[in-house]
Amino acid sequence: MDHSGHKTTAWACALAIAMIGLGAAPGFGAAPDVPAPVALRCEYLANPMGVDTARPRFSWQLEWPGRGEHPTAYEVLVAASPAALASNRGDVWDSGKAGSADNSQIEYNGAPLESGRTYYWKVRVWNPAGTASDYSAPARFDMGLLARGDWKAEWIGGGGELRAGFTIPAKIERARAYVTALGYYELHVNGRRIGHKVLDPAPTTYSKRVLYSVYDVTRALREGANAAGVMLGGGWATLGHAPQFAAFYPAPAALVQLEVEMEGGQRMTVASGATWKASDGPIVSDSIYDGEVYDARRETPGWDTPSFDDSAWRAARTMEGSNGERSPETMPAIEAVGELAPKSISSPDPGVYVYDFGQNVSGWARLRVRGPRGTTVTLRYSELVYPDGRINRENLRGAKSRDVYTLRGGGGERYQPRFTYHGFRYVELSGLPEAPALDTLRAIVVHSAVGTTGGFAASKPILNDIQRVIGWSQLTNLFGIPTDCDQRDERQGWMGDAQVTAEESMDNFDMAAFDTNFIRDIRDAQGGDGSLTDTVPLRYGGRPSDPAWGTAYPELCWQMWRHYGDRRILEQNYDGLKKYIAFLGTQAKGDVLSYFHYGDWVPIVRTPPEFVSALYYLHDVTTLGAVASVLGKDSDAEAYAKLAQRIRAAVQQKFFDPATGGYAGGTQTANAMAIAMGVPDAHQRGIAASNLMNDIVYYHDTHVTTGFIGVRYLFPVLTELGRSDLAYELATQTTYPSWGYMIDNGATTLWELWQRKTGPSMNSQDHAMFGSVGAWFYEALGGIGIGADGAGYRHIRIAPHPADDLRWVTASLESPRGLVLCSWTRSPGKIVLTATVPPGADAEIAVPRDLEMTSFTVTESGRAVWRNGQFVPGDQGLRGAKVHDDAVVFDAASGAYRFTLTGE
Ligand code: BGC
C-alpha cells in the first residue's frame, strides 16, 4: 500500500500489480478484529516535509476484504509530540468520533498549526457493527515556514559553491533546513549531501512563486563546529532561448535557512547572507539543454566540512532574487529512481564507443573511469543511431546534450552530472585513455518520483507493449511539471499535452500531489484578463493559449475531482476558471470561439482548427457548469448549462454538413469531438457516427488520422457508440499509423509523430501525449470506470468490453478508497470476471455476454446469482441485477467477487 518505494524500475514490473490475486474474503462479521487504517497520507503525501495550508487534509486506507464493508466513523488525533500521540492524546486536534464513511479529504480542524513545527497523527475507524479498530501506526507532517517574516535568509550567489561555518552551542534536539534556488541546488551539511532530491526545485513562474524544500538535518548537525553549503546550478531560472524568451535571471541564487532547536529551549538560525563564502567549484558550466562541463581538478575536497579553511574564498554576493511567494514543494521530488545497465556497446569509430541502454529514458549516465589527471571524457546523448552505429542527434535541435568530465587522476573516479538531464537511449563515450567496459556507464533514470498505482495486462502482446511504452513516456516527462518531451531544446509544460494525458496518468500513477502543484502553477500564469498560456510556466508558445491547450486548467481540476474526490481544488480554482471562461467569451463571436494556434496538433488529416477551438469552448463551459453543480452554485450551473446549449446550437449550425453527415469536413477528430461533447441530437448523432465509421473503415483501412487532440476522444466515443471492436482494431494496428507501428520500428517511448522520422525535423522519440489511449485501456478493456456522481471512486463502474481475439485482461488501480480490480477471461460460451470493490465504495458490475447467447446463467463464487432471466438474491454484497445491452449488471457492495457467466 505504501507507494513511496515504487520507483521507475518498478514500472517495468508494474503489470505485476494488476496480477494481485483476490485475498480471502471472509464474510462480513467473520473477522473479530477491525483492521486498523494503513497508508496514512497528509496532503496526498506520506509524512510530508513542509505543509503550508491551514487545514491539511488526511487520508488513509482500509484493507477490509469482506463484502459490504464500510467504515461508519473515524477519529483523527493530531498531537504536538510523539509521546502525546502514543498516549492517545490529540492535544492539537481530536476530531472526536466523526460519523462518516470517508477515508480521504478529511480536513484538519484544530488549533492553528504553527510555522516550522512537526505534528504527529493517527486515526482509527469504526465498522457498521460499532466496533472500533486499533489506531493506525503514527504518521507525521512538518509545517513549512508560514509567514514571510519567518525567513531570515537572503538570496546569495556568486559561485558554484557557497558555504558557511558556524558553531552550535548545545546539544541538538531538532533541526530543519529550508532551501531553494533560482536554478538548481544541492545541499551539503558537514561533508554529506542532504536528501535525495535532484534538479530541485521544480520550475515555477519564479516572479510569482518559488518552491522550497524542507530537510530534517537533526542528525547531520552536531554540537560544536558545523558547516553548511550548497552547490548551485542555473536550471530553468537562467536558461533563455532567443528571440522570444529571455532568461528569468542572469545568474543563479540560493536561499538557505537552518533552524536549530537545542536542549533547554535554545534556538539558533543559520541563514544565507553576506557572511557566506563563495567559490567557483568544479562545475565549469551547466545547462539543462547543453549538459554539464565538470573539471574534477577544480574540486576543493572538504569544502562542506567545518574544518575547511575558506579564507581564500570570496564573499558570496547577496542578490535580489525573487520576491514571489515561497511555498513548500509538496509533491514527489525529482529523483534518481533507478539505473539501467547497457545492453550493448559498439565502436563505430576509433576511440568512440556507443552504449545502447535498450530503453529511451530521462536522466543521465554515470561514468566510472580511471586515467591520467587532465584527461577529458565526453558523453554525448541521443535517442537514435544511424545505420552505421553512430549516434543521430539531429532531432535534438539546439540542445547540445553532452556532459564533459575532466579527470582528477590518481585512482578510480565516478562522475554523474548534477544540474542537467537528457532524454536518451544511446550514449557516446569518447576521450578515454583506454577501451571502456560494459560497466563503465550506467543510465540513471531521473524523473518526478510519483508512485505507480495502476496496472494493465492483456492476452494481446501488443497492448502490453503499448502500456509499457506509455508508462515510460509518461514518467520521463514528469519533471516537477508535465513536459512535452525530455530531449530537445524544449521540455516545456505544454498544456495541450498535459490535458490529453490527464486521465491516463491518473490511472497509471499517483498524480494527486503533482497535479495539485501544476494546477497552482497554471493559476500563477493566469493573466488579469483571465487568459492562460500555452506553456506553464510560460517560456514557449504564447498568451492567450490555444483553447485546446488552455483547457488543461478546467480539465485537470475536473479530473482531480473525479479521480481523487478533491473538492478543494474546485473551490480554490472556481474563480480562476470563471475568469478563464469569461475570457474565452470575450473572444467568441456568436458563441463560436475560433481563434487558435495549433488545433488538432500533428494529425494525419487536418481538422479545421477553429472547429477544435469552438468545441473546447463548449467543453470548458460544460466542465465549469459541472464544477458549479458540485459546489452547489446552482444559478451558475444553470447559466453555464444554458450557454453550453447555445454553443452547441451555434456549432451545429456552423460546422455540420447535412449533405455528408459530418462535422467540419468529416474528419475523425471532428466527428469524435462533436459526439463526445454532445453536439448532435440523437438523429444527427447516428449520421455522424456512420460518417465516422466509414471514414475509419473504408477511407483509412481502419487507421487513425487524428492528431493528439482528436485521438483522446476517438476511443471513448467508439465505445459509447457500441463499437469497442473497432476501437480495439485501431489500438492493436501495427501498420502506419498506429502505436504498433511505432513499437515495431523500435520505439521504447512514444513518438511525437505518427510518422517515422529521424532527421532534423520536429520528431521527438519521447512524447507522452499519444498515450492518452491508455485511459481507454483501463476503462473499456479493463472495464474500470468511475460511476455517475462517483467522484473519488465512491461509485465504481466495472464494465469490460471483451473485443475480438482478446482472451483475458487484468486491470487494477489504487483509488482513494483502495484497490479497484477487474480481471476477466473468456472461452467459448463462458466468461469469468473477478472484481474487487474497495471498502466504502459500491459498484455496478457488468458481466458481459455474447449477444448470440439465448440462455445464460451467472454464478458468483459458485453460487447462482442470475438464472432463468432473473436475479437470484442471497449472495452477500449483491443487491440486485438487470440485463442491460450485452451484459448482466449487478449492483454490488464492496468486496471481492468472482462471476462466471455460461450460456449458449
Ligand atoms: C511540443 C508539443 C506542443 C506543441 C504545441 C511542440 O513543440 O513538443 O507537444 O504541444 O509544440 O503545438
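**Figure 1. Ser133 in a loop of the predicted model.** Ser133 is buried, its relative accessible area being 4%; buried denotes under 20% relative accessible area, exposed over 50%, and partly exposed the range in between (1.4 Å probe, protein chains only). The residue sits in the loop that links strand S8 (118–126) and strand S9 (139–143), where helices (H or I, at least four residues) and strands (E, at least two) are DSSP runs numbered from the N terminus. Leaving out residues up to four places away in sequence, Ser133 touches Val34, Pro35, Ala36, Pro37, Arg124 and Val125, a contact being heavy atoms within 4.5 Å. Residues are numbered from 1 along each chain as its sequence is written. The model is predicted, so that local features need pLDDT of at least 70 and side-chain atom pairs count only at pLDDT 80 or more, whereas totals for chains, interfaces and linings use all residues, and side-chain values use heavy atoms, without hydrogens and water.

**Figure 2. Asp886 and its contacts.** Asp886 belongs to the loop between strand S47 (878–884) and strand S48 (887–892). With a relative accessibility of 37%, Asp886 counts as partly exposed. Beyond its neighbours within four places in sequence, Asp886 is in contact with Val847, Pro848, Arg849 and Leu851. The C-alpha atoms of Asp886 and Met853 are 9.7 Å apart, although 33 residues separate the two along the chain.

**Figure 3. Phe715 in the largest nonpolar core.** A nonpolar core is a set of buried Ala, Val, Leu, Ile, Met, Phe, Trp, Tyr and Cys residues joined through side-chain atoms within 4.5 Å. The largest one has 221 residues, of which Phe715 and Ile845 touch the most other members. Helix H11 (residues 609–630) gives the most to this core, namely 11 residues. Not counting residues up to four places away in sequence, Phe715 touches Val704, Ala727, Leu730, Ala731, Trp739, Val773 and Trp776. Another core lies apart from the largest one and comprises 32 residues, among them Ile168, Ala170, Leu187 and Ile194.

Figure 4. The protein contains 18 helices and 49 strands, and its C-alpha trace spans about 90 × 70 × 55 Å along the principal axes. Of its 904 residues, 63% count as buried. Among contacts between residues at least 6 apart in sequence, 74% join residues at least 24 apart.
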